[in-house]
Amino acid sequence: MILSGALGAASPATVSVSISSSLNSFRAQKRYGRGLTIAEFKCKLELVVGSPASCMDLELYTSDDKFVMKLDSDEALLGSYPIDDGCRIHVIDRSGARVGEYEDVSRVEKYEMSATDYEKRPDSVRSFLKRSKVGKFNEEEMLKKEAEQEQKLAEEKALAETISVGARCEVRVSGQPNKRGTVMFVGKCCWPPALSSFPPCLSERTILLVKIKHTKSVCDSVLILLLSVGLAEFKPGYWIGIKYDEPLGKNDGSVNGKQYFECQPKYGAFVKPQYVTVGDFPEEDYGLDDEM
């Protein structure tokens with residue numbers, strides 16, 4: 001049924017409607033000219049819902065989702081139907097496509113570029129970084145950072161060598177109360193051997209140096225020196241494992257499921273050497289056992 005008189009003289013030339021489909025769950029808000037024929041309108045809807053125009057049935061609903069009528073005459077004008085702003089036009093697909101087919105992005109063929117082809121592109125981010133000598137492509141800056149890292153590790157090593165397992169200590173971190181405990185672990189952290197596990201900020205030269213320095217023989221020589229002095233598998237550098245006198249720590253002597261020393265939960269912590277002072281530090285009573 002077509003209401004040819006529905007389009008009054010004062011009606012605007014376009015109408016804003018919501019488009020839904022039997023093939024997917026989303027709705028699209030679109031504006032169309034009232035002068036379109038239903039056949040032309042269906043062709044435009046192909047780009048919205050994915051159904052072929054020849055396999056569409058259209059239904060008109062009010063803004064509060066009450067069914068009004070079918071738009072079943074391809075020759076009729078869109079404006080000849082009682083369509084106002086806010087109405088919904090529902091597309092029923094008759095092509096045989098399954099529900100959700102056009103929402104499953106895993107079925108969409110994706111373009112993938114090989115690393116070789118990407119390397120050749122002059123307009124890529126990598127090419128820009130190379131031309132601008134930014135990040136790892138700035139050899140001078142990377143060498144400077146590597147030197148600074150080496151210096152930092154050397155300073156940490158010197159401090160760590162003054163700390164022995166079993167020694168009493170006090171941890172002093174700015175902005176935190178001093179905490180006393182016993183040194184349970186002294187070790188140097190290293191990255192896992194997989195190349196993909198290295199942080200992206202490291203250059204290939206740095207990664208190569210790390211892999212050479214942390215061969216199995218080097219790790220074994222450190223572990224043989226003292227069972228409690230070894231290579232931890234979290235952040236790089238030297239770390240001191242502390243068993244606090246009170247539950248002021250973060251763990252039980254383990255990190256990521258690996259046990260480095262034994263203690264009760266919340267009594268263990270790993271601290272950088274510069275925050276650890278070794279000396280005659282008897283246990284203090286923090287009064288935590290008296291709290292409810």
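**First stop: the cysteines**

Select Cys263, which is buried, with a relative accessible area of 16%; here buried means under 20% relative accessible area, exposed means over 50%, and partly exposed lies in between, with a 1.4 Å probe and protein chains only. Cys43, by contrast, is partly exposed at a relative accessible area of 45%. A search of the whole structure for disulfides, defined as pairs of cysteine sulfur atoms within 2.5 Å, finds 0.

Before going further, please note that this is a predicted model, in which local features need pLDDT of at least 70 and side-chain atom pairs count only at pLDDT 80 or more, while totals for chains, interfaces and linings use all residues. Residues are numbered from 1 along each chain as its sequence is written, and side-chain values use heavy atoms, with hydrogens and water left out.

**The whole chain**

Of the 292 residues of the protein, 36% count as buried. If you display the surface, its accessible area comes to about 18300 Å², of which 55% belongs to carbon and sulfur atoms, as computed by the Shrake-Rupley method with a 1.4 Å probe, where for residues only the protein chains shown count as cover. Taking a contact to mean heavy atoms within 4.5 Å, residues 24 or more positions apart account for 60% of the contacts with a separation of 6 or more.

**Around Asn251**

Select Asn251 next, in the loop between β9 (237-244) and β10. At 15% relative accessibility, Asn251 counts as buried. Which residues does Asn251 touch, not counting those up to four places away in sequence? They are Cys263, Gln264, Pro265, Lys266, Tyr267, Gly268, Ala269 and Phe270, so that the cysteine from the opening stop, buried at 16%, is one of the residues that Asn251 touches.

**Two positive phi angles**

Stay with Lys266, whose place is in the loop between β11 and β12 (268-271). Its phi is near 75 degrees, a positive value in a residue other than glycine. Lys266 counts as partly exposed, at 49% relative accessibility. For background, most residues other than glycine have a negative phi.

Then move to Asn256, in the loop between β10 (254-255) and β11 (258-259), which has a positive phi of about 55 degrees although it is not a glycine. Is Asn256 buried or exposed? Asn256 is exposed, with a relative accessible area of 73%.

**Strand β2**

Go to Ala28, which is found in strand β2 (residues 28-33) and is buried, with a relative accessible area of 15%. Leaving aside neighbours within four places in sequence, Ala28 is in contact with Val17, Ser18, Ile19 and Val48. If you draw a distance from Ala28 to Val48, 20 residues apart along the chain, their C-alpha atoms are separated by 7.5 Å.

**Salt bridges**

For the last stops, show the charged side chains. A salt bridge here is a side-chain nitrogen of Lys or Arg within 4 Å of a carboxyl oxygen of Asp or Glu, and by this rule the count comes to 13.

Start with Arg88 and Asp65, whose side chains meet in a salt bridge (2.8 Å, N to O). Arg88 lies in strand β5 (residues 88-93) and Asp65 in the loop between β3 (56-61) and β4 (67-70), so the pair ties together parts that are 23 residues apart in sequence. Arg88 counts as buried at 9% relative accessibility, whereas Asp65, at 36%, counts as partly exposed.

Select Glu119 and Lys130 next, where the side chains meet in a salt bridge (2.1 Å, N to O). This pair links distant parts of the chain, with Glu119 in helix α2 (residues 115-120) and Lys130 in helix α3 (residues 125-132), 11 residues apart. Glu119 is partly exposed at 34%, and Lys130 is partly exposed at 37%.

Finally, select Arg172 and Glu170, whose side chains form a salt bridge (2.7 Å, N to O). Arg172 is partly exposed, with a relative accessible area of 39%, while Glu170 is buried, at 7%. To close, select Arg27, Asp65 and Arg88 together, which salt bridges that share partners join into one network.

Notes: Helices (H or I, at least four residues) and strands (E, at least two) are DSSP runs, numbered from the N terminus.
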